[in-house]
Amino acid sequence: MPGGAPGPASAPSDLPPAHLWRYVGEGAAHVALAFTASPDVGPFASFAGKVLRLPKRAADHPGSANPGQEARDLQKLAFVGEIIAPLIGAQYIQQSVPIRTTPEFRRQVAAAIRPLRPAARLSGSTLPPGINPLELPGDDDPDLGPCGLSSVTMATLYDDLTLLPDSCCPGGGSTLAFEVKPKWGFMPASPFVASAAAGTLSASVLEEPAPIREQRRLLKSRVCRGCMHRNLKAKAGPGPDLPGEGLGDYCGTDLFSGNEAHIHATLLDIARAPRNNLRLFIDGDQRPLGDLDSAELDTGLDLAAALGIVARILAFRQDSNAMAHHPCDLMFRLAQAQFLTDVIDIEGALELCPELFERTIGALMSLAPAQPSAPFDLSRLSQPLPVLKAPLCGQDLDSLAAALALPALAKEGDSGQAHSMAEWRRDVLEDITHLLLADTLAGAPSPVAVDFARSLTVADLLGDRIRYLRKLTCAATLKDCSVYVTFQVRCCSAPRSGAEESPPCTGASSGVLPLPDGREVVWRVQVADLDFKSLVARSARWLSLDHLIARRYGEANPAVLERARHLAKQPRCLWSRV
Ligand SMILES: O=P(O)(O)O[C@@H]1[C@@H](OP(=O)(O)O)[C@H](OP(=O)(O)O)[C@H](O)[C@H](OP(=O)(O)O)[C@H]1OP(=O)(O)O
Ligand SMILES: Nc1ncnc2c1ncn2[C@@H]1O[C@H](COP(=O)(O)OP(=O)(O)OP(=O)(O)O)[C@@H](O)[C@H]1O
């Protein structure tokens, strides 16, 4: 990969034994291990510089034609190459190699890494800490257990994105890598956001009082999801990363602004309260932010200077000349792709397809009453409301789930209920591909993207439901990925002629930036964690979280709500610097 189907999985016998791997870190769904190269690796020398990503739970799979976990994992990798790569650019996608593991390997790894894992990750909860599970339904995931590593055999091998290949910077000094989890880079433009006019299901099915809907509509058009979500996380207490830390005061959409100064200021703000949004690695080892000792490093950079370099690499809105010399358009493409795939918003999923929410509608309804702490009657979960008994899509839940399940690889396309990758490519990419690179310098989302979203009427959206639900599925992936900016500082090897030299890392987005002191930075930008997320499995959680985030933000910030009422609608977050 990227592009095309992955090869067959390597056999477990090809995998170096557990003691040759060290714990790097983990998110909610995977544990990452880095290969520890040492003189005795012998037959495993080719694993040097690789990271093994082990699943902690079975991949989302509702609705697939049950091809088996291993085939599903190959489909997952193909989804990244065939659908996600064209959205953000194949040059940003890392190579992946599926590899099978044995139960013994996983048991040994689980035992070895246990003391190193954050307590909150060991508990295996998918809910924000402190949130009542009755208030916010979790994923329907029978495989999730307290042990931490699931019974899934397949793992994936990637390049260690915190390192650069030796060929990039022969004899170079320390490699610095920042992992940025930028989350959402846009404000929703969907006609379904808390709309009573467009579709009245959220009003009628959820029995949501009009003032609550109006409050959500106001907030979602004026305060970005990240700013509101941090308020909810603050209420919930410290997260799994760096417990006890504050939440910071910044707007994540500034990371997508293209403006170097704004990106730099935002990164510095995030570094004060990084949670899972910013991590630093030096020569492959994660280090606390603030631990970048310029005296100790051969780069001579402190944290502010290093983040300045990251900002320079991620900025895209200089002028057209600068773009020619500095071709990293990732943040533009990511925001643009998020916006263009999220045209219905999760609230639109309810309007387009209430069947998705049938099982959990009761939990959603519990958010609507004026007293959020009112006891919730679980029995309502098993009593679908009358309106949901008549499927509005004209499809039963099974065929709907199949249409929204992980698409099948080409050779399986016409078997059973499986829908093919080609169908998904058509639905997700066909009408937006020409917009993805439009007008980088105007910022993201670009005016043409905004015009496109506004030109879609409720009738268009309702008339082509599967297309927009599939797009929304891709948006979920794009809103949760990680961006790795990895670089080394080196002395200028040769005088520059002004002509662009070939990129230092073949196939990846990479380049060379001059520093004012005459040295230069060799950099690479890659995106990781681009897993398929099932709308069928997660839509209820996403919708509840959406409602809860806006609800709690409004309760905690009545003054902002009041201010928002009197502001003209703007495409940016109230808290962004731009
Ligand atoms: O819903 P969100 O925005 O809180 O995102 C979840 C992330 O929370 P965050 O807000 O980034 O701390 C969450 O991250 P953490 O566990 O908080 O580090 C996961 O990335 C989760 O995805 P998945 O279950 O691993 O596939 C993410 O869930 P999805 O929304 O991608 O389903
Ligand atoms: N290719 C890679 N190179 C280096 N480190 C990696 C790589 N992939 C993952 N990691 C490390 O492992 C950690 C967890 O990986 P990842 O983000 O893929 O987990 P996840 O459970 O899927 O995340 P999330 O909770 O965001 O869904 C990362 O924060 C990073 O430190």
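This is a chat about a predicted model of one protein chain.

Biologist: Hi! What should I know about the model and its numbering before I start?
Modeller: The model is predicted, so local features need pLDDT of at least 70 and side-chain atom pairs count only at pLDDT 80 or more, while totals for chains, interfaces and linings use all residues. Residues are numbered from 1 along each chain as its sequence is written, and chains are lettered from A and ligands numbered from 1 in the order in which they are written.

Biologist: Thanks. How many helices and strands does the chain have?
Modeller: There are 20 helices and eleven strands. Both are DSSP runs numbered from the N terminus: helices are H or I with at least four residues, strands are E with at least two.

Biologist: And what share of the residues is buried?
Modeller: Buried residues are 48% of the 578 in the chain. Buried means that 20 or more other C-beta atoms, placed from the backbone, lie within 10 Å of the residue's own; exposed means 12 or fewer, and partly exposed is in between.

Biologist: Let's talk sheets. In what order do the six strands of the open sheet come?
Modeller: The order is β8-β7-β6-β9-β11-β10, with antiparallel pairing. Two strands pair if DSSP finds at least two bridges between them. At the edges are β8 and β10 (509-514), each pairing on one side only.

Biologist: How many bridges join β6 to β9?
Modeller: Five bridges join β6 (residues 176-180) to β9 (residues 482-490), and the two run antiparallel. Within that pairing, F178 stands opposite V485 in β9.

Biologist: Which residues have the most contacts inside the largest nonpolar core?
Modeller: V485 turns up again there, along with I84, V310, L314, M331 and A349, in a core of 127 residues. Helix α19 (residues 535-556) gives the most to this core, with ten residues. A nonpolar core here is a set of buried Ala, Val, Leu, Ile, Met, Phe, Trp, Tyr and Cys residues joined through C-beta atoms within 7 Å. In soluble globular proteins, nonpolar side chains tend to be buried together.

Biologist: What does A349 touch?
Modeller: Leaving out residues up to four places away in sequence, A349 touches I344, L356, L469, L472, L535, S539 and L543. A contact means that the C-beta atoms of two residues, placed from the backbone, lie within 7 Å. Another core lies apart, with 18 residues, among them A32, F35, L52 and V109.

Biologist: Changing topic: which peptide bond is cis, with omega near -10°?
Modeller: The one from A444 to P445. P445 lies in the loop between α15 (421-429) and α16 (447-455). Most residues other than glycine have a negative phi, and most peptide bonds are trans.

Biologist: Now phi. Is R275, with its phi near 40°, buried or exposed?
Modeller: R275 counts as buried because it has 20 C-beta neighbours inside 10 Å. R275 sits in the loop between α7 (260-272) and β7 (278-282).

Biologist: What about D283?
Modeller: D283 is not a glycine, yet has a positive phi of about 50°. D283 is partly exposed, with 14 other C-beta atoms within 10 Å, in the loop between β7 and β8 (285-287).
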